[in-house]
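Subject: Structure handover

Hello,

My notes on what turned up in it follow below.

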Amino acid sequence: MVSVRKIEALADAAELLSSSQPAWRQLPLLLEHGRELLDLDELCMLVRNRTSSERLTRAARAGRGDGPPRSEAAEVGLVAPLLELWDRGGQEAPQPASSSALPVRVRGAVQGALVAHTAGAPLSAEDLATLLVYATLAAPLVAALGEEDAAGRSRLDRLSEIARVVGAGGDARTLLREVCRTTARLCAADRCAVFLWNATTG
């Protein structure tokens with residue numbers, strides 16, 4: 001059961017997702033909102049690697065300003081043993097009393113984990129229920145992070161191919177022609193052209 005105050009705060013958290021900012025900016029804001037609401041020491045998001053589902057990476061964190069962040073290795077060490085259980089559909093597993101990890105599911109598959117740490121007191125049932133809502137709110141952001149990552153790799157692949165054309169050498173006119181041809185093909189454009197600026201005629 002979640003209190004009325006927390007329900008109102010969760011509505012505010014959902015509003016964060018309506019902004020036009022990219023997922024990598026929205027996610028830390030969402031985590032900080034949850035950390036403040038529950039008065040946590042730290043709240044972080046681990047995401048699964050797209051090429052190796054067993055590998056976890058810290059995508060974002062929010063913590064009190066008066067202490068160093070927990071190591072990424074320690075966070076991964078807490079969550080990694082839970083992945084197999086979560087993949088089978090399980091939810092609960094023994095965890096440190098002052099820490100809790102919840103799965104973040106995207107279209108039914110576990111793609112990450114929300115990890116919370118308190119100053120020492122165990123999280124209450126209400127706190128865990130609230131964290132579960134934050135894990136649900138974070139799911140589309142985790143999915144978007146994967147899409148942004150894939151798009152970034154695609155852009156790098158295209159730039160690399162153009163760089164290979166330039167690196168092949170040859171006279172400038174031939175190189176420019178090949179760069180235009182390759183750019184048009186990679187961008188699915190009808191035409192690509194290079195114009196030379198004439199300082200005299202403009």
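Glu 42 is part of strand β1. The model is a predicted one, and in it Glu 42 has a relative accessible area of 2%. The cut-off for buried is under 20%, so Glu 42 counts as buried. Its side chain comes to 3.3 Å from the backbone nitrogen of Arg 70. Neighbours within four places in sequence set aside, the residues in contact with Glu 42 include Arg 35, Arg 58, Arg 61, Arg 70 and Glu 75. Val 115, Ala 116 and His 117 are also among them.

What does the side chain of Arg 48 make a polar contact with? The partner is the side chain of Asp 87, at 2.8 Å.

Now the sheet. Strands of a sheet pair through backbone hydrogen bonds, in either a parallel or an antiparallel way. Here four strands make up an open sheet, ordered β2-β1-β4-β3, and their pairing is antiparallel. β2 (56-63) and β3 (99-106) are the edge strands, each with pairing on one side only. On average, and with direction ignored, neighbouring strands are turned by 20° against each other.

Strand β1 spans residues 42-48 and pairs with β2 over seven bridges, in the antiparallel sense. Within that pair, Met 45 has Ala 60 of β2 as its bridge partner. Helix α2 packs on the sheet and touches β1, β2 and β4 (109-117). The direction of α2 makes about 50° with that of β2.

Ser 100 is the residue opposite Ala 116 in β4. The hairpin of β3 and β4 has two residues between the strands, and Arg 107 in this hairpin takes a positive phi near 50°.

Next, the helix pair at the start of the chain. Two packed helices are described by the angle between their axes and the distance between the axes. For α1 (residues 4-16) and α2 (residues 23-38), the angle is about 170° and the axes lie 10 Å apart. Angles over 145 degrees count as roughly antiparallel, and α1 and α2 therefore fall in that class. On the α1 side, the residues that meet α2 are Arg 5, Lys 6, Ala 9, Asp 12, Ala 13 and Leu 16. On the α2 side they are Gln 26, Leu 29, Leu 30, His 33, Leu 37 and Leu 38. By type, the residues of this contact divide into seven nonpolar, two polar and three charged.

Last, the overall figures. The protein has six helices and four strands, which follow the pattern α-α-β-β-α-α-β-β-α-α along the sequence. It has 202 residues, of which 36% count as buried. Among contacts with a separation of 6 or more, 54% are between residues 24 or more positions apart.

Regards

Notes. Residues numbered from 1 in each chain as written. Predicted model: local features only at pLDDT ≥ 70, side-chain atom pairs only at ≥ 80, totals over all residues. Heavy atoms only, no water. Axes fitted to C-alpha atoms, helices over the stretch in contact; angles between N-to-C directions. Parallel < 35°, antiparallel > 145°, perpendicular 65-115°, else oblique. Contact = heavy atoms within 4.5 Å. Nonpolar A, V, L, I, M, F, W, Y, C, P; charged D, E, K, R; others polar. Pairing = 2+ DSSP bridges. Buried < 20%, exposed > 50% of the residue type's maximum accessible area, 1.4 Å probe, protein only. Polar contact = N/O pair within 3.5 Å; in protein donor to acceptor, adjacent residues only side chain to side chain.
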